Amino acid sequence: MLTIRNATLADGRQVDVRIDTSAGRIAGVGSTLTESGDSIDATGKLLLPGMIDAHVHFRQPGFDHKETWETGSRSAAAGGVTTVVDQPNTDPPTVDGDAFDRKADLAADSYVDYGINGGVTPDWDPDELFDRPVLALGEVFLADSTGEMGIEEDLFREAVERATDEYRVVTVHAEDADLFSEAARERDGDDYDAWSAYRTAEAEAAAVERAVEIGAEADASIHVAHTSTPEGVDAATAGGATCEVTPHHLFLSREDYDELGTFGRMNPPLRSEDRREALFERVADGTVDMVATDHAPHTREEKDASVWDAPSGVPGVETALPLLLEEARKENLSYERVRDLTAANPADVFGLTRKGAVEQGLIADLVLVDPDDSSEIRGEDLHSKCGWTPFEGMAGVFPELTMVRGSVVWADEESPLVPPGGTDESADGEFGDPVGRNVRG
Ligand SMILES: NC(=O)N[C@@H](CC(=O)O)C(=O)O
Ligand SMILES: [Zn+2]
Ligand SMILES: [Zn+2]
C-alpha cells in the first residue's frame, strides 16, 4: 500500500489517496484515511488522473528511425500521459491480423498503457482485425496524410457500418482534398504559410459534415481527429460526433511559420490567430471533448526540405499536459477542465471505464504535479527520438511523478518517490520499468 497524503485534486478537494500498488488500483480517497505502508507528503501538490492521449503515432513497425514504442512511451510517461492510442499508418499499416499482431508484439516495450487502432485501406481485412483487441477504428483518412491511406467515401461508409456492428468508435481524419487550393501550390517552397493556404479550413469543415452525416446514417460513434478550426468543431458537435483538438492547433498559428518553417507543417495545417483563439474558447467552454496530441514525429533531416516536400506532423505527447497546466496556472483554464479534456472525457468516449478519474476502485493511473513549477520547454530535454518540439521556448508545468496502475514509470529529480529498480537515469529524472498493457486485454 502507498498513501499519498494531503494532495489537492482538480476540484480543489484536499485528500489522502491510498493506492493498492500490487492490484494497481486506487484503494481509497478521503480525508481521514489511516496510513498503512509507505506514504508521501503531497501537500501543495496537484494529483490528476493520468492523461489518456487518444491519438499518437509511435511509428513502429516500419519507421523506427522516427520513434519507437520505448522512446514514444517514455516521452508520454515524462509528460504525464498514462494511456496512448496508436494510429494505423505504420508499415505495414494496421489493416489486418498479422499487422496488428506485429504491432502488439512491439508495444510490449511500452512504459504506459496503450490501445492499438485498426486502419482502413481497400485491402483491409475487418474479420481478422476485429478478431483482435482493436480499441477503435482509425484514424480513417478521408484525405491522404502521412502514409497515403486516404480512402473513397463508399469504403468509408462500409468501414463505419462494420465498426458500429463491432461496437467500436470510428476516428476520422476529415479533410476533403477536392477543396484544397491548387492556386496555393504555385507558391514558393520556402513560403511556409502556403501549406495552410493549400489545405483549407473549408476542406476540413466540409469533410467533417460529410463524415458525421454518414456516421448518423449508420448510428455510429464518430470521433473527429485533430479538428483545427472552430467550423470543424461546430460541424462535429452539430452532427452528434465527439472531437479532439491538438496542442499545436491550440497554441500555434500561421503566424508561427517564420519561426517554425516546416517544423510547423502538419495535417490539418496551422490556422489563423482568429481561428486559434476561437478554438481555444471551445476547449475552455467544454464544446471540445478532449485534447489529443497527434504525436507525429519526423526527423530533423526529413523536415529539412521545402514546404511541399517535408513530411507532415509534429511531436506533442510530452508537452500536452504541461502546456494545459500552464494555462490553468495562468487561470485561462480550470484544473477540472484540464482533467476532463485529458482524462475523464477520453476515458468516456473510448470506453475505458476503469480509468480517467481519481476515485476509489479505479486503476491507479496518476500524475503528481507542483502546479506552480513552470519551466521552459526545450527539445533537448524531451524524450522523443526526434529530439525537437514545435513548442521550443514556451512554458509548461511538467509532472514530478507519473504512475501507471500503481507503478512509478517516471519520477523527476524532485519526485518524492523513485521507481523501484528503475531502468535508467535520464537528464532530469528516472524511468521505472516498462509496465504498459493493452487496455483491451
Ligand atoms: N498529422 C500529420 O500531419 N501527420 C500524421 C498523420 C495524420 O495524423 O494525419 C503522421 O502520422 O505523420
Ligand atoms: Zn490525421
Ligand atoms: Zn494522426
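A residue counts as buried when its relative accessible area is under 20%. Phe 251, at 11% relative accessibility, is therefore buried. The structure described here is a predicted model.

## The zinc ions

The zinc ion (ligand 3) has four coordinating residues: His 55 and His 57, each through NE2, Glu 139 through OE and Asp 294 through OD. The distances run from 2.0 to 2.2 Å. Along the chain these donors follow the pattern H-x1-H-x81-E-x154-D. Two of them, His 57 and Glu 139, come from distant parts of the chain, 82 residues apart. His 57 sits in the loop between strand 6 (51-56) and helix 1 (69-78), while Glu 139 belongs to strand 9 (residues 137-141).

What joins the two sites? Glu 139 coordinates both zinc ions, ligand 2 and ligand 3, which are 3.6 Å apart. Glu 139 has a relative accessibility of 2% and so counts as buried. His 226 is buried as well, and so is His 57, with a relative accessible area of 4%.

## The annotated positions

An unreviewed UniProt entry places the feature "binding site" at His 57, Phe 58, Arg 59, Asn 89 and His 298. These positions span 242 residues in sequence, but no two of their C-alpha atoms are more than 13.5 Å apart, so they gather at one spot. From this set, His 57, Arg 59 and Asn 89 are part of the lining of the largest cavity.

Asn 89 is in the loop between strand 7 (81-86) and helix 2 (97-106). With a relative accessibility of 5%, Asn 89 is buried. Apart from neighbours within four places in sequence, Asn 89 is in contact with His 57, Arg 59, Phe 63, Phe 141, Thr 146 and Met 149. The side chains of Asn 89 and His 57 also make a polar contact of 2.7 Å.

His 298 is found in the loop between strand 13 (290-291) and helix 11 (300-303). Its relative accessible area is 1%, so His 298 is buried. Not counting residues up to four places away in sequence, the residues that His 298 touches include Arg 59, Lys 66, Thr 146, Cys 386 and Trp 388. A polar contact of 3.2 Å connects the side chains of His 298 and Arg 59.

Gln 60 lies in the loop between strand 6 and helix 1. Gln 60 is buried, at 7% relative accessibility, and its side chain forms a polar contact of 2.9 Å with that of Asp 64. Leaving out residues up to four places away in sequence, Gln 60 touches Glu 67, Thr 68, Trp 69, Thr 90, Lys 103 and Leu 106.

| Side chains | Polar contact |
|---|---|
| Asn 89 and His 57 | 2.7 Å |
| Gln 60 and Asp 64 | 2.9 Å |
| His 298 and Arg 59 | 3.2 Å |

## Aromatic pairs

How many aromatic pairs does the whole structure hold? A search finds 10. In one of them, Tyr 198 and Trp 308, the ring centres are 5.9 Å apart and the planes stand at 80°, so the pair is edge-to-face. Tyr 198 is in helix 5 (residues 194-198) and Trp 308 in the loop between helix 11 and helix 12 (320-329), 110 residues apart. Both are buried: Tyr 198 has a relative accessible area of 11%, and Trp 308 one of 15%.

Phe 251 and Phe 280 also form an edge-to-face pair, because their planes are at 70°, with ring centres 6.2 Å apart. Phe 251 is in helix 8 (residues 247-251) and Phe 280 in helix 10 (residues 273-284), so the pair ties together parts 29 residues apart in sequence. Phe 280 is buried, with a relative accessible area of 15%.

Tyr 198 and Trp 308 also belong to one aromatic cluster with Phe 180 and Trp 195.

Terms used: Residues are numbered from 1 along each chain as its sequence is written. Chains are lettered from A and ligands numbered from 1 in the order in which they are written. Side-chain values use heavy atoms; hydrogens and water are left out. Donors are N, O and S atoms within 2.8 Å of the metal (3.2 Å for Na, K and Ca); water is not among the atoms, so sites may look incomplete. Helices (H or I, at least four residues) and strands (E, at least two) are DSSP runs, numbered from the N terminus. Buried means under 20% relative accessible area, exposed over 50%, partly exposed in between (1.4 Å probe, protein chains only). A polar contact is a pair of N or O atoms within 3.5 Å; within protein, one must be able to donate a hydrogen and the other to accept it, and residues adjacent in sequence count only if both atoms are side-chain atoms. Contact means heavy atoms within 4.5 Å. UniProt positions are given in the numbering used here, feature names are shortened, and annotations may be inferred rather than shown by experiment. On a 1 Å grid over the protein atoms alone, a cavity is a set of points where a 1.4 Å probe fits but cannot get out, and a pocket is an open set with protein on both sides within 12 Å along at least five of seven lines; lining residues have an atom within 4 Å of a point. Rings of Phe, Tyr and Trp (its six-membered ring) pair if their centres lie within 6.5 Å; planes under 30 degrees apart count as stacked, over 60 as edge-to-face and the rest as tilted.
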